[in-house]
Amino acid sequence: MRRTTLLGGLATAALLAAAGTLPTAASAAPVSGDAFTRAVAQLKAHSGSALVADGQSFTLKNVQTDADGTEHVRLNRYSDGLPVLGGDTVVHLGKGNTWKGASQSMAAAPTRGAKARVSAAAAGRAALAASTATTRRVDGSQLVHDADATGTTLAYEVVVGGAYADGTPSELHVLVDATTGRVRDSWEGVQRDGTGNTFHSGTVTVGSTQSGSTWQLTDATRGGHKTYDLNGGTSGTGTLVASASNVFGDGTLANRQTAAADAAYGAQKTWDYYKTVHGRNGIRNDGVGAYSRVHYSSNYANAFWSDSCFCMTYGDGGSGWYPLTSLDVAGHEMTHGVTSNTAGLRYSGESGGLNEATSDIFGTLVEFSAANSKDPGDYLIGEKLRSSGVPLRYMDKPSKDGASADCWSSSVGRLDVHYSSGVANHFFYLLAVGSGSSSYGNSPTCNGSTVTGIGNAKAGAIWYRALTRYMTSRTNYAGARTASLSAAADLYGSGSAEYNTVAAAWSAVSVN
(Lines give C-alpha, C1' and ligand atoms only; values in the text may rest on other atoms or scores of the structure.)
Protein backbone atom coordinates (compact mmCIF):
# COMPACT_ATOMS: atom_id res chain seq x y z
CA MET A 1 0.00 0.00 0.00
CA ARG A 2 1.25 3.40 -0.62
CA ARG A 3 0.27 6.90 -0.17
CA THR A 4 -3.17 7.25 -1.56
CA THR A 5 -4.67 4.64 -3.85
CA LEU A 6 -6.76 1.52 -3.84
CA LEU A 7 -6.89 1.79 -0.51
CA GLY A 8 -6.11 5.48 -0.26
CA GLY A 9 -8.07 8.70 0.28
CA LEU A 10 -8.74 12.32 -0.45
CA ALA A 11 -8.71 15.66 1.03
CA THR A 12 -10.30 18.82 2.19
CA ALA A 13 -12.77 21.55 1.45
CA ALA A 14 -10.35 23.26 -0.91
CA LEU A 15 -8.87 20.62 -3.20
CA LEU A 16 -7.73 20.63 -6.77
CA ALA A 17 -10.51 21.49 -9.15
CA ALA A 18 -8.21 20.27 -11.93
CA ALA A 19 -4.64 19.10 -11.98
CA GLY A 20 -2.42 21.90 -10.74
CA THR A 21 -5.34 24.23 -10.07
CA LEU A 22 -6.17 25.56 -6.64
CA PRO A 23 -9.74 26.78 -6.09
CA THR A 24 -10.51 30.28 -4.89
CA ALA A 25 -13.70 31.86 -3.62
CA ALA A 26 -14.52 32.94 -7.15
CA SER A 27 -14.11 29.46 -8.62
CA ALA A 28 -15.92 27.52 -5.89
CA ALA A 29 -19.26 25.79 -6.40
CA PRO A 30 -21.91 28.23 -7.61
CA VAL A 31 -24.51 29.53 -5.23
CA SER A 32 -27.73 27.76 -6.10
CA GLY A 33 -30.89 28.81 -4.57
CA ASP A 34 -32.66 29.60 -1.41
CA ALA A 35 -31.13 26.95 0.85
CA PHE A 36 -27.73 28.61 0.59
CA THR A 37 -29.09 32.07 1.44
CA ARG A 38 -31.07 30.78 4.40
CA ALA A 39 -28.18 28.72 5.70
CA VAL A 40 -25.76 31.66 5.65
CA ALA A 41 -28.35 33.86 7.33
CA GLN A 42 -28.78 31.29 10.10
CA LEU A 43 -25.01 30.99 10.53
CA LYS A 44 -24.76 34.74 11.00
CA ALA A 45 -27.68 34.68 13.42
CA HIS A 46 -25.79 32.07 15.46
CA SER A 47 -22.36 33.57 14.88
CA GLY A 48 -21.06 32.74 18.35
CA SER A 49 -21.48 28.98 18.16
CA ALA A 50 -20.80 28.91 14.40
CA LEU A 51 -17.59 30.97 14.76
CA VAL A 52 -18.75 33.44 12.11
CA ALA A 53 -16.91 36.77 12.16
CA ASP A 54 -16.49 39.88 10.01
CA GLY A 55 -14.74 39.22 6.74
CA GLN A 56 -16.07 35.68 6.36
CA SER A 57 -17.94 34.45 3.32
CA PHE A 58 -19.31 31.10 2.19
CA THR A 59 -19.88 29.09 -0.96
CA LEU A 60 -22.22 26.17 -1.45
CA LYS A 61 -20.84 22.64 -1.79
CA ASN A 62 -24.13 20.72 -1.81
CA VAL A 63 -27.53 20.30 -0.16
CA GLN A 64 -29.01 17.04 1.17
CA THR A 65 -32.75 17.11 1.85
CA ASP A 66 -34.45 14.48 4.03
CA ALA A 67 -37.92 13.10 3.45
CA ASP A 68 -39.31 15.28 6.27
CA GLY A 69 -37.92 18.43 4.63
CA THR A 70 -34.88 18.85 6.86
CA GLU A 71 -32.04 20.38 4.84
CA HIS A 72 -28.33 19.75 5.41
CA VAL A 73 -26.47 22.55 3.65
CA ARG A 74 -22.71 21.94 3.26
CA LEU A 75 -20.66 25.11 2.93
CA ASN A 76 -17.05 26.05 2.31
CA ARG A 77 -15.79 28.97 4.40
CA TYR A 78 -13.50 31.88 3.45
CA SER A 79 -11.94 34.63 5.54
CA ASP A 80 -10.94 37.85 3.78
CA GLY A 81 -11.18 35.90 0.52
CA LEU A 82 -8.84 33.09 1.59
CA PRO A 83 -10.13 29.49 1.89
CA VAL A 84 -10.41 28.20 5.46
CA LEU A 85 -9.28 24.58 5.28
CA GLY A 86 -11.11 22.70 8.02
CA GLY A 87 -13.60 25.55 8.30
CA ASP A 88 -16.25 23.79 6.25
CA THR A 89 -19.59 23.39 7.98
CA VAL A 90 -22.93 21.64 7.52
CA VAL A 91 -25.92 23.78 8.50
CA HIS A 92 -28.98 21.77 9.57
CA LEU A 93 -32.30 23.49 8.83
CA GLY A 94 -35.63 22.08 9.96
CA LYS A 95 -39.13 22.82 8.72
CA GLY A 96 -39.89 26.49 8.53
CA ASN A 97 -36.17 27.28 8.30
CA THR A 98 -35.62 26.43 11.97
CA TRP A 99 -32.04 26.22 13.18
CA LYS A 100 -31.06 22.67 14.13
CA GLY A 101 -27.39 23.41 14.62
CA ALA A 102 -24.25 23.04 12.53
CA SER A 103 -21.57 20.37 12.21
CA GLN A 104 -18.01 21.64 12.07
CA SER A 105 -14.60 20.91 13.57
CA MET A 106 -13.02 24.38 13.54
CA ALA A 107 -12.02 25.51 17.03
CA ALA A 108 -11.58 29.26 16.46
CA ALA A 109 -12.28 31.83 13.76
CA PRO A 110 -9.27 32.92 11.68
CA THR A 111 -7.39 35.99 12.89
CA ARG A 112 -7.92 38.88 10.52
CA GLY A 113 -4.98 40.82 9.18
CA ALA A 114 -2.47 37.97 9.45
CA LYS A 115 0.48 38.49 7.10
CA ALA A 116 2.80 35.97 5.51
CA ARG A 117 6.43 36.24 6.61
CA VAL A 118 7.56 33.43 4.33
CA SER A 119 7.61 33.95 0.58
CA ALA A 120 5.64 31.76 -1.81
CA ALA A 121 8.93 30.66 -3.39
CA ALA A 122 10.30 29.50 -0.02
CA ALA A 123 7.05 27.67 0.70
CA GLY A 124 7.38 25.95 -2.67
CA ARG A 125 10.88 24.77 -1.84
CA ALA A 126 9.70 23.38 1.50
CA ALA A 127 6.83 21.60 -0.22
CA LEU A 128 9.13 20.05 -2.83
CA ALA A 129 11.36 18.74 -0.05
CA ALA A 130 8.32 17.14 1.64
CA SER A 131 7.46 15.05 -1.43
CA THR A 132 8.91 11.57 -1.89
CA ALA A 133 7.91 11.40 -5.56
CA THR A 134 10.67 10.54 -8.00
CA THR A 135 9.81 13.49 -10.22
CA ARG A 136 8.24 16.57 -8.68
CA ARG A 137 7.36 20.13 -9.49
CA VAL A 138 5.27 22.93 -7.97
CA ASP A 139 1.94 23.02 -9.81
CA GLY A 140 0.19 25.69 -7.77
CA SER A 141 0.21 27.65 -4.53
CA GLN A 142 -2.21 29.79 -2.56
CA LEU A 143 -2.53 31.32 0.89
CA VAL A 144 -5.12 29.67 3.13
CA HIS A 145 -6.22 29.61 6.74
CA ASP A 146 -5.59 26.09 8.08
CA ALA A 147 -7.98 25.26 10.92
CA ASP A 148 -7.40 22.38 13.32
CA ALA A 149 -8.52 21.43 16.82
CA THR A 150 -6.29 24.05 18.44
CA GLY A 151 -6.83 27.08 16.24
CA THR A 152 -6.23 28.54 12.79
CA THR A 153 -2.92 29.33 11.11
CA LEU A 154 -2.09 31.24 7.96
CA ALA A 155 -0.38 28.84 5.56
CA TYR A 156 0.49 28.21 1.95
CA GLU A 157 -1.26 25.29 0.31
CA VAL A 158 1.25 24.11 -2.29
CA VAL A 159 0.41 21.40 -4.83
CA VAL A 160 3.44 19.34 -5.82
CA GLY A 161 2.86 17.35 -9.00
CA GLY A 162 4.96 14.49 -10.34
CA ALA A 163 5.12 10.72 -10.19
CA TYR A 164 6.40 7.99 -7.88
CA ALA A 165 8.94 5.36 -8.85
CA ASP A 166 6.19 2.84 -9.67
CA GLY A 167 4.52 5.29 -12.08
CA THR A 168 1.66 6.44 -9.87
CA PRO A 169 1.00 10.14 -10.43
CA SER A 170 1.30 12.50 -7.46
CA GLU A 171 -0.72 15.58 -6.54
CA LEU A 172 0.66 16.16 -3.07
CA HIS A 173 -0.95 19.01 -1.13
CA VAL A 174 1.53 20.48 1.33
CA LEU A 175 0.60 23.05 3.97
CA VAL A 176 3.52 25.31 4.84
CA ASP A 177 3.21 27.67 7.82
CA ALA A 178 3.35 31.18 6.36
CA THR A 179 5.10 32.49 9.49
CA THR A 180 7.69 29.82 10.24
CA GLY A 181 8.09 27.97 6.95
CA ARG A 182 7.44 24.66 8.74
CA VAL A 183 5.43 21.95 6.96
CA ARG A 184 2.19 21.58 8.92
CA ASP A 185 0.56 18.75 7.00
CA SER A 186 0.44 17.01 3.64
CA TRP A 187 -1.86 14.63 1.82
CA GLU A 188 -2.19 13.08 -1.60
CA GLY A 189 -4.87 14.17 -4.05
CA VAL A 190 -4.54 10.88 -5.95
CA GLN A 191 -6.22 7.99 -4.21
CA ARG A 192 -4.37 4.80 -4.74
CA ASP A 193 -3.34 1.52 -3.26
CA GLY A 194 -4.01 -2.09 -3.56
CA THR A 195 -3.62 -4.61 -6.25
CA GLY A 196 -6.54 -6.32 -7.18
CA ASN A 197 -15.01 -11.17 -17.33
CA THR A 198 -14.25 -10.99 -15.96
CA PHE A 199 -11.14 -12.41 -14.40
CA HIS A 200 -12.40 -11.81 -10.85
CA SER A 201 -16.19 -12.04 -11.13
CA GLY A 202 -16.99 -14.54 -13.85
CA THR A 203 -19.45 -13.97 -16.69
CA VAL A 204 -21.48 -10.82 -16.04
CA THR A 205 -23.57 -8.25 -17.89
CA VAL A 206 -21.89 -4.92 -18.60
CA GLY A 207 -23.38 -1.77 -20.10
CA SER A 208 -22.41 -1.15 -23.73
CA THR A 209 -23.50 1.18 -26.54
CA GLN A 210 -23.59 0.39 -30.26
CA SER A 211 -21.68 2.70 -32.57
CA GLY A 212 -21.87 1.70 -36.20
CA SER A 213 -20.80 -1.93 -36.53
CA THR A 214 -19.10 -2.10 -33.12
CA TRP A 215 -20.10 -2.03 -29.49
CA GLN A 216 -18.30 0.33 -27.12
CA LEU A 217 -17.85 -0.21 -23.39
CA THR A 218 -19.97 2.84 -22.60
CA ASP A 219 -22.75 2.44 -20.03
CA ALA A 220 -25.46 4.88 -21.07
CA THR A 221 -27.69 3.86 -18.15
CA ARG A 222 -25.09 4.83 -15.55
CA GLY A 223 -24.07 8.34 -16.43
CA GLY A 224 -22.20 7.40 -19.60
CA HIS A 225 -19.37 5.58 -17.79
CA LYS A 226 -16.65 4.63 -20.29
CA THR A 227 -13.81 2.13 -20.02
CA TYR A 228 -10.51 2.84 -21.78
CA ASP A 229 -7.37 0.79 -22.47
CA LEU A 230 -4.20 2.80 -21.74
CA ASN A 231 -2.05 0.06 -23.31
CA GLY A 232 0.79 0.69 -20.87
CA GLY A 233 0.53 4.45 -20.98
CA THR A 234 0.38 6.71 -17.92
CA SER A 235 -1.58 9.70 -19.21
CA GLY A 236 -4.60 10.52 -21.30
CA THR A 237 -7.44 8.10 -21.89
CA GLY A 238 -5.96 5.68 -24.39
CA THR A 239 -8.47 3.79 -26.53
CA LEU A 240 -12.16 3.32 -25.77
CA VAL A 241 -12.71 -0.45 -25.46
CA ALA A 242 -14.84 -1.78 -28.32
CA SER A 243 -16.01 -5.15 -29.66
CA ALA A 244 -17.65 -6.26 -32.88
CA SER A 245 -19.62 -8.98 -31.05
CA ASN A 246 -20.65 -7.06 -27.90
CA VAL A 247 -18.61 -9.56 -25.90
CA PHE A 248 -15.73 -8.13 -23.88
CA GLY A 249 -12.95 -10.42 -22.70
CA ASP A 250 -12.84 -14.18 -22.26
CA GLY A 251 -12.03 -14.51 -18.56
CA THR A 252 -8.30 -14.92 -19.14
CA LEU A 253 -5.55 -12.37 -18.70
CA ALA A 254 -4.27 -13.17 -22.19
CA ASN A 255 -7.28 -11.20 -23.51
CA ARG A 256 -6.79 -7.45 -22.95
CA GLN A 257 -10.54 -6.84 -22.70
CA THR A 258 -10.93 -9.12 -19.68
CA ALA A 259 -9.56 -6.44 -17.32
CA ALA A 260 -11.77 -3.86 -19.03
CA ALA A 261 -14.83 -6.01 -18.37
CA ASP A 262 -13.85 -6.26 -14.69
CA ALA A 263 -13.47 -2.47 -14.45
CA ALA A 264 -16.80 -1.81 -16.18
CA TYR A 265 -18.54 -4.33 -13.92
CA GLY A 266 -17.03 -2.75 -10.79
CA ALA A 267 -18.18 0.71 -11.85
CA GLN A 268 -21.65 -0.64 -12.64
CA LYS A 269 -22.06 -2.36 -9.27
CA THR A 270 -20.73 0.64 -7.36
CA TRP A 271 -23.19 2.95 -9.16
CA ASP A 272 -26.04 0.51 -8.53
CA TYR A 273 -25.23 0.15 -4.83
CA TYR A 274 -25.22 3.89 -4.16
CA LYS A 275 -28.32 4.47 -6.32
CA THR A 276 -30.42 1.58 -5.00
CA VAL A 277 -29.43 1.69 -1.35
CA HIS A 278 -28.78 5.37 -0.70
CA GLY A 279 -30.58 7.12 -3.58
CA ARG A 280 -27.28 8.66 -4.71
CA ASN A 281 -27.16 9.39 -8.44
CA GLY A 282 -23.48 8.79 -9.15
CA ILE A 283 -20.31 9.74 -7.34
CA ARG A 284 -21.10 13.47 -7.34
CA ASN A 285 -24.85 12.82 -7.09
CA ASP A 286 -25.28 14.68 -10.37
CA GLY A 287 -25.99 11.75 -12.71
CA VAL A 288 -22.58 11.98 -14.40
CA GLY A 289 -20.52 8.80 -14.63
CA ALA A 290 -16.80 8.74 -14.02
CA TYR A 291 -14.59 6.78 -16.42
CA SER A 292 -12.18 3.89 -15.93
CA ARG A 293 -8.72 3.22 -17.38
CA VAL A 294 -7.10 -0.24 -17.45
CA HIS A 295 -3.61 -1.51 -18.35
CA TYR A 296 -1.91 1.46 -16.71
CA SER A 297 1.90 1.45 -17.03
CA SER A 298 3.79 -1.87 -16.85
CA ASN A 299 3.69 -4.38 -13.98
CA TYR A 300 1.88 -1.73 -11.95
CA ALA A 301 0.52 -3.39 -8.80
CA ASN A 302 -1.87 -0.67 -7.74
CA ALA A 303 -5.07 1.22 -8.56
CA PHE A 304 -6.11 4.78 -7.85
CA TRP A 305 -8.92 7.30 -7.95
CA SER A 306 -8.22 10.89 -9.03
CA ASP A 307 -10.59 13.82 -8.62
CA SER A 308 -8.63 15.74 -11.24
CA CYS A 309 -9.74 13.43 -14.05
CA PHE A 310 -12.83 12.13 -12.22
CA CYS A 311 -11.62 8.66 -13.11
CA MET A 312 -10.50 5.26 -11.86
CA THR A 313 -7.19 3.74 -13.00
CA TYR A 314 -6.10 0.10 -12.66
CA GLY A 315 -2.73 -1.57 -13.04
CA ASP A 316 -2.23 -5.12 -14.23
CA GLY A 317 -0.30 -6.16 -11.12
CA GLY A 318 3.24 -7.43 -10.84
CA SER A 319 4.90 -10.54 -9.49
CA GLY A 320 2.50 -12.25 -7.08
CA TRP A 321 -0.38 -9.94 -7.97
CA TYR A 322 -3.39 -10.12 -10.24
CA PRO A 323 -4.96 -7.08 -11.98
CA LEU A 324 -6.37 -4.66 -9.45
CA THR A 325 -9.83 -4.73 -11.00
CA SER A 326 -11.60 -6.69 -8.25
CA LEU A 327 -15.06 -5.65 -7.11
CA ASP A 328 -14.14 -4.38 -3.63
CA VAL A 329 -11.26 -2.36 -5.09
CA ALA A 330 -13.61 -0.63 -7.53
CA GLY A 331 -16.08 0.16 -4.75
CA HIS A 332 -13.27 1.30 -2.46
CA GLU A 333 -11.63 3.66 -4.95
CA MET A 334 -14.81 5.24 -6.28
CA THR A 335 -15.96 5.81 -2.71
CA HIS A 336 -12.99 8.18 -2.38
CA GLY A 337 -14.84 10.27 -4.95
CA VAL A 338 -18.03 10.11 -2.87
CA THR A 339 -16.12 11.16 0.25
CA SER A 340 -14.48 14.04 -1.63
CA ASN A 341 -17.88 15.30 -2.73
CA THR A 342 -19.44 15.01 0.74
CA ALA A 343 -17.43 15.28 3.97
CA GLY A 344 -14.13 15.85 2.16
CA LEU A 345 -12.19 14.08 4.92
CA ARG A 346 -8.57 15.27 4.80
CA TYR A 347 -6.26 12.38 3.96
CA SER A 348 -3.99 12.68 6.97
CA GLY A 349 -4.24 12.01 10.71
CA GLU A 350 -7.47 10.57 12.12
CA SER A 351 -9.60 12.12 9.37
CA GLY A 352 -7.42 10.27 6.84
CA GLY A 353 -8.01 6.99 8.66
CA LEU A 354 -11.74 7.65 8.53
CA ASN A 355 -11.48 8.47 4.82
CA GLU A 356 -9.70 5.19 4.15
CA ALA A 357 -12.09 3.19 6.33
CA THR A 358 -15.08 4.73 4.55
CA SER A 359 -13.74 3.32 1.30
CA ASP A 360 -13.16 -0.08 2.91
CA ILE A 361 -16.67 -0.05 4.37
CA PHE A 362 -18.50 0.83 1.17
CA GLY A 363 -16.20 -1.30 -0.99
CA THR A 364 -17.26 -4.20 1.24
CA LEU A 365 -20.94 -3.26 0.98
CA VAL A 366 -20.67 -3.01 -2.83
CA GLU A 367 -19.26 -6.55 -2.82
CA PHE A 368 -22.14 -7.82 -0.67
CA SER A 369 -24.69 -5.93 -2.78
CA ALA A 370 -23.39 -7.45 -6.03
CA ALA A 371 -24.10 -10.97 -4.67
CA ASN A 372 -21.68 -12.47 -7.17
CA SER A 373 -20.96 -16.14 -6.51
CA LYS A 374 -17.44 -15.78 -7.92
CA ASP A 375 -16.68 -13.01 -5.43
CA PRO A 376 -19.08 -13.38 -2.47
CA GLY A 377 -19.35 -10.71 0.17
CA ASP A 378 -16.90 -10.79 3.06
CA TYR A 379 -15.11 -8.42 5.42
CA LEU A 380 -11.72 -8.90 3.80
CA ILE A 381 -10.13 -6.13 1.74
CA GLY A 382 -8.43 -7.09 -1.53
CA GLU A 383 -8.64 -10.83 -0.95
CA LYS A 384 -8.60 -11.56 -4.71
CA LEU A 385 -5.55 -9.47 -5.56
CA ARG A 386 -2.64 -11.63 -4.46
CA SER A 387 -1.80 -15.02 -5.91
CA SER A 388 -1.15 -16.14 -2.32
CA GLY A 389 -4.77 -15.35 -1.41
CA VAL A 390 -3.67 -13.21 1.56
CA PRO A 391 -5.97 -10.15 1.95
CA LEU A 392 -4.67 -6.63 2.29
CA ARG A 393 -6.76 -5.93 5.40
CA TYR A 394 -9.19 -7.59 7.80
CA MET A 395 -12.20 -5.86 9.32
CA ASP A 396 -12.97 -8.37 12.10
CA LYS A 397 -9.52 -7.93 13.65
CA PRO A 398 -7.50 -5.35 11.69
CA SER A 399 -4.23 -6.14 13.49
CA LYS A 400 -4.11 -9.49 11.66
CA ASP A 401 -2.35 -7.63 8.82
CA GLY A 402 0.52 -6.89 11.20
CA ALA A 403 0.17 -3.11 11.21
CA SER A 404 -3.44 -1.90 11.56
CA ALA A 405 -4.95 -0.70 14.83
CA ASP A 406 -7.80 -2.63 16.47
CA CYS A 407 -8.42 0.03 19.12
CA TRP A 408 -8.19 3.80 19.32
CA SER A 409 -5.34 5.44 21.22
CA SER A 410 -3.89 8.93 21.22
CA SER A 411 -1.17 7.73 18.82
CA VAL A 412 -3.51 6.36 16.14
CA GLY A 413 -3.44 9.61 14.16
CA ARG A 414 0.31 9.20 13.64
CA LEU A 415 -0.12 5.91 11.77
CA ASP A 416 -0.34 5.63 8.00
CA VAL A 417 -4.01 6.13 7.11
CA HIS A 418 -4.28 2.56 5.83
CA TYR A 419 -3.50 1.37 9.36
CA SER A 420 -5.31 4.01 11.43
CA SER A 421 -8.39 3.04 9.40
CA GLY A 422 -8.44 -0.21 11.38
CA VAL A 423 -10.30 1.45 14.26
CA ALA A 424 -13.27 2.41 12.09
CA ASN A 425 -13.16 -0.86 10.15
CA HIS A 426 -13.30 -2.76 13.44
CA PHE A 427 -16.14 -0.52 14.64
CA PHE A 428 -18.14 -1.18 11.48
CA TYR A 429 -17.64 -4.94 11.69
CA LEU A 430 -18.84 -4.95 15.30
CA LEU A 431 -21.81 -2.76 14.37
CA ALA A 432 -22.83 -4.95 11.42
CA VAL A 433 -21.80 -8.45 12.52
CA GLY A 434 -21.06 -8.24 16.22
CA SER A 435 -18.25 -9.50 18.42
CA GLY A 436 -16.99 -13.05 18.81
CA SER A 437 -16.97 -15.84 16.28
CA SER A 438 -19.05 -15.86 13.09
CA SER A 439 -18.77 -17.25 9.57
CA TYR A 440 -16.92 -14.05 8.64
CA GLY A 441 -14.27 -14.02 11.36
CA ASN A 442 -13.66 -13.76 15.07
CA SER A 443 -13.82 -10.22 16.38
CA PRO A 444 -12.59 -9.24 19.83
CA THR A 445 -13.50 -6.04 21.66
CA CYS A 446 -11.03 -3.68 23.30
CA ASN A 447 -13.05 -3.41 26.52
CA GLY A 448 -14.07 -7.06 26.87
CA SER A 449 -17.71 -6.31 26.06
CA THR A 450 -20.09 -8.28 23.85
CA VAL A 451 -21.68 -6.51 20.88
CA THR A 452 -24.62 -7.87 18.89
CA GLY A 453 -24.58 -6.61 15.30
CA ILE A 454 -27.48 -4.90 13.52
CA GLY A 455 -26.64 -6.05 9.97
CA ASN A 456 -25.10 -4.45 6.90
CA ALA A 457 -28.20 -2.56 5.80
CA LYS A 458 -28.65 -0.57 8.99
CA ALA A 459 -24.93 -0.17 9.64
CA GLY A 460 -24.38 1.09 6.08
CA ALA A 461 -27.31 3.50 6.30
CA ILE A 462 -25.92 4.97 9.53
CA TRP A 463 -22.39 5.38 8.15
CA TYR A 464 -23.64 6.94 4.88
CA ARG A 465 -25.81 9.44 6.74
CA ALA A 466 -22.98 10.30 9.14
CA LEU A 467 -20.65 10.89 6.18
CA THR A 468 -23.03 12.96 4.08
CA ARG A 469 -24.86 14.91 6.80
CA TYR A 470 -22.52 15.36 9.76
CA MET A 471 -18.84 14.72 9.05
CA THR A 472 -16.58 17.53 7.85
CA SER A 473 -13.06 17.68 6.49
CA ARG A 474 -11.31 17.47 9.88
CA THR A 475 -13.62 15.02 11.67
CA ASN A 476 -11.63 12.77 14.02
CA TYR A 477 -12.66 9.53 15.74
CA ALA A 478 -14.47 11.32 18.56
CA GLY A 479 -16.29 13.37 15.94
CA ALA A 480 -17.16 10.23 13.99
CA ARG A 481 -18.77 8.76 17.09
CA THR A 482 -20.87 11.91 17.49
CA ALA A 483 -21.75 11.96 13.78
CA SER A 484 -22.82 8.30 13.68
CA LEU A 485 -24.88 8.64 16.85
CA SER A 486 -26.65 11.64 15.31
CA ALA A 487 -27.26 9.59 12.16
CA ALA A 488 -28.60 6.64 14.17
CA ALA A 489 -30.92 8.96 16.12
CA ASP A 490 -32.24 10.43 12.86
CA LEU A 491 -32.88 7.03 11.31
CA TYR A 492 -33.99 4.89 14.25
CA GLY A 493 -34.49 7.18 17.24
CA SER A 494 -32.31 8.23 20.14
CA GLY A 495 -32.15 5.36 22.60
CA SER A 496 -33.18 2.78 19.99
CA ALA A 497 -31.42 -0.58 19.77
CA GLU A 498 -29.54 0.69 16.72
CA TYR A 499 -28.45 3.88 18.51
CA ASN A 500 -27.30 1.92 21.54
CA THR A 501 -25.37 -0.53 19.36
CA VAL A 502 -23.53 2.35 17.67
CA ALA A 503 -22.48 3.61 21.11
CA ALA A 504 -21.49 0.12 22.25
CA ALA A 505 -19.45 -0.58 19.11
CA TRP A 506 -17.50 2.68 19.49
CA SER A 507 -16.81 1.89 23.13
CA ALA A 508 -15.69 -1.57 22.07
CA VAL A 509 -12.89 0.03 19.98
CA SER A 510 -12.01 2.49 22.80
CA VAL A 511 -13.70 5.57 21.28
CA ASN A 512 -15.71 6.84 24.24
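How many bridges join strand β18 to β19, and in which sense do the two strands run? In this predicted model, four bridges join β18, residues 303-306, to β19, and the strands run antiparallel. One of the pairings sets Trp305 against Met312 of β19. The hairpin that the two strands make has four residues between them, and in it Phe310 takes a positive phi near 50°.

Strand β19 has a further partner in β17. Residues 291-296 make up β17, which pairs with β19 in the parallel sense over four bridges. Here Tyr291 stands opposite Cys311 of β19. Strand β19 itself, residues 311-315, is mostly covered, with five of its five residues buried. The cover extends to both faces: Cys311, Thr313 and Gly315 are buried on one side, and Met312 and Tyr314 are buried on the other.

Cys311 also takes part in a disulfide. Its partner is Cys309, at an S to S distance of 1.8 Å. The torsion about this S-S bond is about -70°, so the disulfide is left-handed. The two cysteines can be set side by side in terms of accessibility. Cys311 has a relative accessible area of 0% and is therefore buried, since the cut-off for buried is under 20%. Cys309 counts as partly exposed because its relative accessibility is 23%.

The count of disulfides comes to two. The other bond is formed by Cys407 and Cys446, whose sulfur atoms are 1.9 Å apart. Its torsion about the S-S bond is about -90°, so this disulfide is left-handed. Cys407 lies in the loop between β21 (393-394) and α7 (417-420), and Cys446 lies in the loop between β23 (441-443) and α9, so the pair ties together parts that are 39 residues apart in sequence. Cys407 is partly exposed, with a relative accessible area of 28%, and Cys446 is partly exposed at 27%. When the bonded cysteines of the protein chain are numbered in sequence order, the pairing reads 1-2, 3-4.

Helix α9 covers residues 456-470 and helix α10 residues 477-492; the two pack at an angle of about 115°, with their axes 8 Å apart. Their crossing is right-handed. On the α9 side, the contact is made by Lys458, Ala461, Ile462, Arg465, Ala466 and Tyr470. On the α10 side, the residues are Ala483, Ser484, Ser486, Ala487, Ala488, Asp490, Leu491 and Tyr492. What is the make-up of this contact in nonpolar, polar and charged residues? Nine of the residues in the contact of α9 with α10 are nonpolar, two are polar and three are charged.

A separate element remains to be described. Three strands form an open sheet in the order β11-β12-β16, and their pairing is antiparallel. Strands β11 (209-211) and β16 (242-243) are the edges, each pairing on one side only. Strand β12, residues 214-216, is joined to β16 over two bridges in the antiparallel sense. Within that pairing, Gln216 has Ala242 of β16 as its bridge partner.

Technical notes
Residues are numbered from 1 along each chain as its sequence is written. This is a predicted model: local features need pLDDT of at least 70, side-chain atom pairs count only at pLDDT 80 or more; totals for chains, interfaces and linings use all residues. Side-chain values use heavy atoms; hydrogens and water are left out. Axes are lines fitted to C-alpha atoms, for helices over the stretch in contact, and angles run from 0 to 180 degrees between N-to-C directions. A crossing is left-handed if the near helix is turned anticlockwise from the far one by less than a right angle, and right-handed if clockwise. Contact means heavy atoms within 4.5 Å. Ala, Val, Leu, Ile, Met, Phe, Trp, Tyr, Cys and Pro count as nonpolar, Asp, Glu, Lys and Arg as charged, and the others, Gly among them, as polar. A disulfide is a pair of cysteine sulfur atoms within 2.5 Å. Buried means under 20% relative accessible area, exposed over 50%, partly exposed in between (1.4 Å probe, protein chains only). Two strands pair if DSSP finds at least two bridges between them.
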